[in-house]
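I opened my notebook today to look up a few details, one entry at a time. Come and read along with me.

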Amino acid sequence: MSSQIRLRLLPRARCFFDEPVQVKVTRLRSRQLVTLRARSTDERGVVFSSSATYRADDKGEVDLNKHPSLGGSYVGVEPMGLLWSLKAEALHQYFEKGKSLKPHVVTISVHDKEEGRALAEATNERLLLGDGVTRLPVNEGNINGVLFTPPGEGPFPAVLDLNTFPSEKKAALLANKGFVVLALCVFNVKPENTKEIHLDRFRDGIDFLRRQPKVSGQGVGVLSRSKAADIALSLSAFVPAVKACVWINGCNANTVVPLYYENHQIFSSAQVDYSSVIHTEYGAYILKFAIVNPLAVENKDSLIPIEQAKAEFLFVASEDDMCLNSKVYMDEMVERLKRHEKNNFENVCYPRAGHMLEPPYGPYCRSCPQGVYPYQALWGGEPSGHAAAEVHLWKKIQEFFRAHLR
């Protein structure tokens, strides 16, 4: 490596997962062509990498905040492109980073374009858990999750982070922002071994949050996506303590298996038409049209009566969601609430985003095993547009919860 050339990560190389960094290279030759590379390993040991070609300016500098990539994993001015374009060599890979105790570590290096030799390198440590945030595994009654509590006396707003499968990412990051968060998942066992789901388990999680000494007020927020999103709708309709619900790319009806509450079945599962699953040349499947219209007669017992909810809703849909027809489901819910003269909702649509909206700056996932159904799912979205949507949405979620959890 050259002792002269510098690669800096600003304002610092150690930051939170959801914070941007400025990648800047100095002391290059004027107009020198270089390749910037990034590399990271997920929790399964799968290596993800990205690269982009840049031309230094007249001063011999490359600044990703203002200079365009000329080619590689992305093109154009994309300050965080090296991170969101990280990709595994094998197809259908999702970057696993659901545990909060270890940081997301990305090695960034700059190489001479012609010779390929490394000129400089820096390591970006992206923390999920901030200083003073406590992480407490919870195994109490029906509750099997992880509680995250910010430092300080509080009181803090409380959020139930409801995931389809176990993950601590969003819960830890929200705790850094001053929320008390309980991370729960819908499926504690394999979905194929799950014959029914009981809403009581998630209601108990809400009650647990309300008992925490640092929690403010009596109301709790719920954050959800995909299958977890229809559970969140049911919680909002049946549990008065839910005051704010974020629904991201889900369904307006109960899906997968019947839902029970207080020992009674409250919803059947919306029917699935497997003949509507579309196989693509890429080797992944479009599942968007698999759920039979929730408004159809055969699905009437699965539609969730959100009109009876007192909670405030933030509905979020990606127009290019290839897993669920989320924009159609969102539009139906908005129209239904309007018919009932309700105005307790906001709705946001992202034209270039896919199903897997997550906290920003993680690797974009084009396809991976769906989890609930036995398919490699095509998630949809255009990488740059999807990444921009994640930045906007993450801020929007925090603003929404702060406005309604007082």
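Which residues form one aromatic cluster? I found that Phe179, Phe400 and Phe401 do.

**Ground rules.** I noted that this is a predicted model, where local features need pLDDT of at least 70, side-chain atom pairs count only at pLDDT 80 or more, and totals for chains, interfaces and linings use all residues. Residues are numbered from 1 along each chain as its sequence is written, and side-chain values use heavy atoms, with hydrogens and water left out.

**Rings.** I looked up the aromatic pairs and found eleven in the structure. Rings of Phe, Tyr and Trp (its six-membered ring) pair if their centres lie within 6.5 Å; planes under 30 degrees apart count as stacked, over 60 as edge-to-face and the rest as tilted. Tyrosine 74 and tryptophan 84 make a tilted pair, because their ring planes stand at 50 degrees, with the centres 5.7 Å apart. Tyrosine 74 sits in the loop between β7 (71–72) and α1 (81–84) and tryptophan 84 in helix α1, so this pair ties together parts ten residues apart in sequence.

Tyrosine 74 has 5% relative accessibility, so it counts as buried. Tryptophan 84 is buried too, at 6%.

I traced an open sheet of three strands in the order β1-β3-β6, with antiparallel pairing. Its edge strands are β1 (6–10) and β6 (62–63), each pairing on one side only. Two strands pair if DSSP finds at least two bridges between them; β1 and β3 (residues 22–26) are joined by five. Leucine 7 stands opposite valine 25 in β3.

Most residues other than glycine have a negative phi, and most peptide bonds are trans. I noted a cis bond between leucine 10 and proline 11, with omega about 5 degrees, and another between glycine 154 and proline 155, with omega about 0 degrees. Arginine 27 has a positive phi of about 70 degrees. Asparagine 249 also has a positive phi, near 45 degrees, and at 0% relative accessibility it counts as buried.

Notes. Helix = DSSP H or I, 4+ residues; strand = E, 2+ residues; numbered from the N terminus. Buried < 20%, exposed > 50% of the residue type's maximum accessible area, 1.4 Å probe, protein only.
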